[in-house]
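Welcome, and please open your viewer. Have the selection tool ready, and we will walk through the model together.

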Amino acid sequence: MAISFLSTFKPIAFFPTQKSSPTPPLSRCNLSLPTVTITEPEPVFTSVKTFAPATVANLGPGFDFLGCAVDGLGDHVSVTVDPSVHPGEISITEIYGTHASSKLSKNPIWNCAGIAAIAAMKMLNIRSVGLSLSLEKGLPLGSGLGSSAASAAAAAVAVNELFGGKLDSRELVLAGLESEAKVSGYHADNIAPAIMGGFVLIRSYDPLELMRLEFPADKELLFVLVSPEFEAPTKKMRAALPLEIAMPHHVWNCSQAGALVASILGGDLAGLGKALSSDKIVEPKRAPLIPGMEAVKKAALEAGAFGCTISGAGPTAVAVVDGEERGEEVGKSMVEAFRREGNLESVAMVKRLDRVGARVVSSVPK
Ligand code: HSE
């Protein structure tokens with residue numbers, strides 16, 4: 001028996017290549033952004049600088065509905081009141097940083113940060129103030145670390161704070177989703193944790209319902225992130241997925257996703273790793289597209305990781321460990337496997353869970 005994504009997931013938005021489906025795209029179902037403030041708020045600051053963290057989406061069986069934020073990696077955005085910009089509009093003045101790229105447009109309607117900033121301005125009903133935006137890219141594009149979501153999250157939060165923080169986190173996620181839908185597909189498993197921090201479960205898309213899952217504060221959880229020199233554009237990696245799945249795979253993945261959530265809440269690292277490694281639907285289709293990935297996973301598990309899978313749409317591989325030293329060893333083995341089996345150079349990092357999400361770094365009062 002097959003379960004069709006058609007009935008539940010409205011696949012045009014999820015799988016942009018399926019253009020002939022009669023089902024309306026999910027992106028059009030709920031992307032009419034609510035105007036949250038009827039009275040236009042005044043800016044409270046002249047300028048606000050924010051940071052938003054990298055994220056690991058899917059976490060194995062949580063395709064499109066589960067993700068978490070990782071500490072110490074991410075993008076910065078500065079938003080400034082600018083009388084030279086047409087009221088109600090935003091201008092991108094600068095894109096810089098380690099991972100600034102000519103692929104990033106300065107036209108705000110084609111830039112992740114620009115799209116999310118415009119969405120936040122619309123929701124806040126900003127018509128009388130023009131803004132300029134500067135983006136510092138700390139995350140590489142197409143790496144599977146939620147690069148586009150980090151830019152969008154930082155921008156939405158910066159605009160919101162500039163005008164007094166009237167939008168709540170769900171509304172900020174909706175603003176960020178405008179950007180995700182345009183650049184990679186309608187999925188909130190990067191943007192929600194980028195904004196809210198920690199682990200976030202997307203319980204429903206229409207209407208958007210989010211659940212923050214608390215990993216116990218007294219437990220250590222580290223991610224080994226190994227990024228090879230290889231690009232895996234999210235759109236392409238989504239196009240590789242099946243439209244229909246078999247019932248046994250549905251049952252298996254649902255039970256593993258349930259175990260994953262229970263393990264997160266209970267702080268059970270072994271259970272979390274086991275569930276993270278268990279996806280039978282998405283990972284088997286994507287892993288062969290990333291040279292060496294299957295060997296990298298095997299190497300991580302042999303070196304003592306609790307679990308390993310593809311981070312988001314890849315190509316980064318993510319493994320879970322409970323200590324820094326073990327993380328370094330696991331990282332080394334994964335890098336070797338990428339070189340040996342995939343002929344790819346890669347970089348390993350060991351990072352903690354980010355429990356905060358997008359935040360203000362500095363602000364200039366009016
Ligand atoms: N859930 C999305 C995907 C995440 O796997 O396509 C992309 O970062």
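**Before we start**

This is a predicted model, in which local features need pLDDT of at least 70, side-chain atom pairs count only at pLDDT 80 or more, and totals for chains, interfaces and linings use all residues. Residues are numbered from 1 along each chain as its sequence is written, and side-chain values use heavy atoms, with hydrogens and water left out.

**Stop 1: the ligand**

Now show the side chains of N58, D64 and R238. An N or O atom in the side chain of N58 is 2.7 Å from an oxygen atom of the ligand. For D64, a polar side-chain atom lies 2.6 Å from a ligand nitrogen, and for R238 a polar side-chain atom is 2.6 Å from a ligand oxygen. The protein buries 97% of the 260 Å² that the ligand exposes when taken alone; such areas come from the Shrake-Rupley method with a 1.4 Å probe.

**Stop 2: the loop between β2 and β3**

Next, select the loop between β2 (45-57) and β3 (66-81), where you will find L59. Strands here are DSSP runs of E with at least two residues, and helices are runs of H or I with at least four, numbered from the N terminus.

Most residues other than glycine have a negative phi, and most peptide bonds are trans. L59 has a positive phi of about 50°, and D64 has a positive phi near 70°. Are they buried or exposed? L59 is buried, with a relative accessible area of 1%, and D64 is buried at 4%. Buried means under 20% relative accessible area, exposed over 50%, and partly exposed in between (1.4 Å probe, protein chains only).

**Stop 3: two cis peptide bonds**

Go to P207, in the loop between β6 (199-205) and β7 (208-213). The peptide bond from D206 to P207 is cis, with omega near 5°.

Then jump to the loop between β10 (307-310) and β11 (317-321), which holds G314. A cis peptide bond joins G314 and P315, with omega about 10°. G314 is buried, at 1% relative accessibility. Its C-alpha atom is 9.5 Å from that of P228, a residue 86 positions away along the chain.

**Stop 4: S227**

Finally, select S227 in strand β8 (residues 222-228). S227 is buried, with a relative accessible area of 17%. Which side chain does S227 meet in a polar contact of 2.8 Å? The partner is T316. A polar contact is a pair of N or O atoms within 3.5 Å; within protein, one must be able to donate a hydrogen and the other to accept it, and residues adjacent in sequence count only if both atoms are side-chain atoms.
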